[in-house]
Amino acid sequence: MRNFEHITPPDLESAVDLLSERGTKSIAGGTDLLPEMKSRLRSPRRLVNLKALEELRYLKHNARKGFQIGALTTLAEIESNELIREKIPILAQAASVAASPQLRNMGTIGGNLCQSVRCWYYRAPEFKCWLKGGDTCYAIEGENKFHAILESSPCCAVHPSDLAPALMALGASVHITGTDEEGTVSLEEFFVRPKASNRQMTILGANELITEVQVPMLDGDSSGIYLKAMDRKVWAFALVSVAVQVSWDKERVKGARIVLGGVAPIPWRVPAAEEIVRDQAITEEIATSASEAALEGAQPLRDNGYKIALAKALVKRALMTLAERAKK
Ligand SMILES: Cc1cc2nc3c(=O)[nH]c(=O)nc-3n(C[C@H](O)[C@H](O)[C@H](O)COP(=O)(O)OP(=O)(O)OC[C@H]3O[C@@H](n4cnc5c(N)ncnc54)[C@H](O)[C@@H]3O)c2cc1C
């Protein structure tokens, strides 16, 4: 790891000011950034320590605004919060299956949404892959068991966050503060497919911070589920995950948001599948059609064709489970 300066700013404004200097990076729990620095993937000259900004560590709920979650709230705090477990359990479920208890104690919701991809070519300093500014995505022709089956060009890494699909299914937004302006954007706007002019998976500028995650109030009769398939039982990134949030009119679906993880460089919302379940009572046939629609257009690489069947099975299982619960 290269030498760096570590600054603890007194407040958010100073943190944002410090970030506008070149070679400066924010650090929250450090569970993703420090490994990147150790392997020299990133070598910032200066770190701005967000952890001391208590003003970013809160979890509020009210009947009008829904949830407001400060960016420094840890995954462990989200997982164990009684109100989250009761009102938006899908988020607690997603947090509870992310990483390990130690990492969840350190890792924050802001850092989780901004973490880098886990692609082994990206993580290996000896490969200058496309995402790191090179010409080639080595995984497209190389080892791609864990990579994207949708939108797999020019980079076929997948977004690794468990919280992101759950939050997107809940219709969440992030509040962003920078030196020039601040504002709130939906997660659909926040996550972007990487392109040559912006080789990252979010719209966040170098001097911008997520300060808050906002989850709107849900319809009265609403339920959700987060399912994650892993190649071992704990402490693994999703091979595929699905987050489904449904609002009900008795046993009929009023509206649904269905988001896949582990299949694309960004959390992947599937409107075609949502449309199939809208205004329907979910039967096995409907759930199967929705799962087919969710994966329409999928183009597996050499080693990851299994993800298509896996994702379909998860979508179907999620819908059937929610339908069963709605009957009770
Ligand atoms: C072994 C291992 C297994 C893991 N498994 C999973 C898993 O199964 N599921 C999962 O979802 N995650 C998993 N993770 C990732 C882990 O959850 C993230 O590393 C963690 O959530 C990041 O939070 P942090 O606060 O530590 O971020 P940091 O490491 O401090 O920061 C990560 C990045 O986000 C930026 N950042 C941090 N906070 C903000 C902010 N408020 N605004 C803007 N940018 C910010 C930093 O500059 C940095 O670029 C795993 C990590 C490890 C090491």
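Domain bounds in these legends come from an automatic or database domain assignment. The structure is a predicted model, in which local features need pLDDT of at least 70 and side-chain atom pairs count only at pLDDT 80 or more, while totals for chains, interfaces and linings use all residues. Residues are numbered from 1 along each chain as its sequence is written, and side-chain values use heavy atoms, with hydrogens and water left out.

**View 1. Domains of the chain.** The assignment gives domain 1 (1–50), domain 2 (58–114 + 158–215) and domain 3 (222–327). The C-alpha centres of domain 1 and domain 2 lie 19 Å apart. Their contact (heavy atoms within 4.5 Å) takes 11 residues from domain 1 and 12 residues from domain 2.

**View 2. The interface of domain 1 and domain 2.** About 950 Å² is buried between the two domains, 77% of it from carbon and sulfur atoms; buried area is the accessible area (1.4 Å probe) that two parts lose on being put together, summed over both. Val16, Leu19 and Thr31 supply 44% of the area that domain 1 buries against domain 2, more than any other three residues. Across this interface the rule finds 0 salt bridges, that is, a side-chain nitrogen of Lys or Arg within 4 Å of a carboxyl oxygen of Asp or Glu.

**View 3. Surroundings of the ligand.** The ligand is surrounded by 32 residues, the closest being Ser26, Gly30, Thr31, Thr108 and Asp162; a residue is counted if one of its heavy atoms lies within 4 Å. A polar side-chain atom of Lys25 lies 3.1 Å from an oxygen atom of the ligand.

Note on methods:
A polar contact is a pair of N or O atoms within 3.5 Å; within protein, one must be able to donate a hydrogen and the other to accept it, and residues adjacent in sequence count only if both atoms are side-chain atoms.
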